[in-house]
Amino acid sequence: MTYDVSADPASRFEHYVLSGVDRLKARGYNPTLFLRLVREHGGAVNAAKILLGNGKHTSYGFERLWEMGELESSIEFAVSLPWFRSLFTPDEQDEAERRLLLHDFPVKRRLRALEQSPPDWVTR
């Protein structure tokens, strides 16, 4: 599988993570702290790097998504997606996966499922 390199990966990442905000709000969670990080630090990639930079704990948003059964909507899962991995260091990717695994999230299985039906901008 190859990925469309004609689009800016950081913009794709931001669109991907922000596209689920309205759905999460409808379910009772408004990620205001994350949205503030995105605004104040120049986008979703930088916000994700900040959140992943503290390996001692997960964010409130991550814990809330876990409680809701929505870890597939987390930054940690987005960082794990193959079409966004180039935006993050191996350490950031490892930290994202570690957090998901610590919360019993089936990372590998979910990634395999999404790779079977990637976004339309990912080419095969």
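The structure, a predicted model, holds 5 aromatic pairs. Rings of Phe, Tyr and Trp (its six-membered ring) pair if their centres lie within 6.5 Å; planes under 30 degrees apart count as stacked, over 60 as edge-to-face and the rest as tilted. One of the pairs joins Phe77 and Phe105. This pair is edge-to-face, at 5.4 Å centre to centre and 75° between the planes. Phe77 lies in helix α6 (residues 75–80), and Phe105 in the loop between α7 (90–102) and α8 (107–116), so the pair ties together parts that are 28 residues apart in sequence. Helices here are DSSP runs (H or I, at least four residues), numbered from the N terminus. Both Phe77 and Phe105 are buried. Buried means under 20% relative accessible area, exposed over 50% and partly exposed in between (1.4 Å probe, protein chains only). Elsewhere, ring pairs link Phe13, Tyr16, Phe84 and Phe88 into a cluster.

Residues are numbered from 1 along each chain as its sequence is written. In this predicted model, local features need pLDDT of at least 70 and side-chain atom pairs count only at pLDDT 80 or more, while totals for chains, interfaces and linings use all residues; side-chain values use heavy atoms, with hydrogens and water left out.

Helix α3 (residues 32–40) has the buried residues Phe34, Leu35, Leu37 and Val38. They cover an arc of only 155° around the axis, which puts them on the same side of α3. The arc is that of the directions from the helix axis to the C-beta atoms. An α-helix has 3.6 residues a turn, so residues three or four places apart point the same way. The buried residues of α3 pack against α1 (9–18), α2 (21–26), α4 (44–53) and α6. Contact here means heavy atoms within 4.5 Å. Leu33, Arg39 and Glu40 are exposed, on the face of α3 turned away from its buried side. Just after α3, Gly42 takes a positive phi of about 80°.

Trp83 lies in the loop between α6 and α7. At 7% relative accessibility, Trp83 counts as buried. Its C-alpha atom is separated by 23 Å from that of Thr58, 25 residues apart along the chain.

A search of the whole structure finds 9 salt bridges. A salt bridge is a side-chain nitrogen of Lys or Arg within 4 Å of a carboxyl oxygen of Asp or Glu. In one of them, the side chains of Glu70 and Arg27 meet at 2.4 Å, N to O. Glu70 lies in the loop between α5 (60–68) and α6, and Arg27 in the loop between α2 and α3, so the pair ties together parts that are 43 residues apart in sequence. Glu70 is buried at 10% relative accessibility, whereas Arg27 is partly exposed at 44%.

Arg110 and Glu72 form another salt bridge (2.9 Å, N to O). Arg110 lies in helix α8 and Glu72 in the loop between α5 and α6, so this pair ties together parts that are 38 residues apart in sequence. Arg110 is partly exposed at 30% relative accessibility. Glu72 is partly exposed, at 30%.

A salt bridge of 3.0 Å, N to O, joins Arg99 and Glu76. Arg99 lies in helix α7 and Glu76 in helix α6, so the pair ties together parts that are 23 residues apart in sequence. Arg99 is buried at 1% relative accessibility, and Glu76 is buried at 3%. Salt bridges that share partners join Glu76, Glu95, Arg98 and Arg99 into one network.

Note on methods
Helix = DSSP H or I, 4+ residues; strand = E, 2+ residues; numbered from the N terminus.
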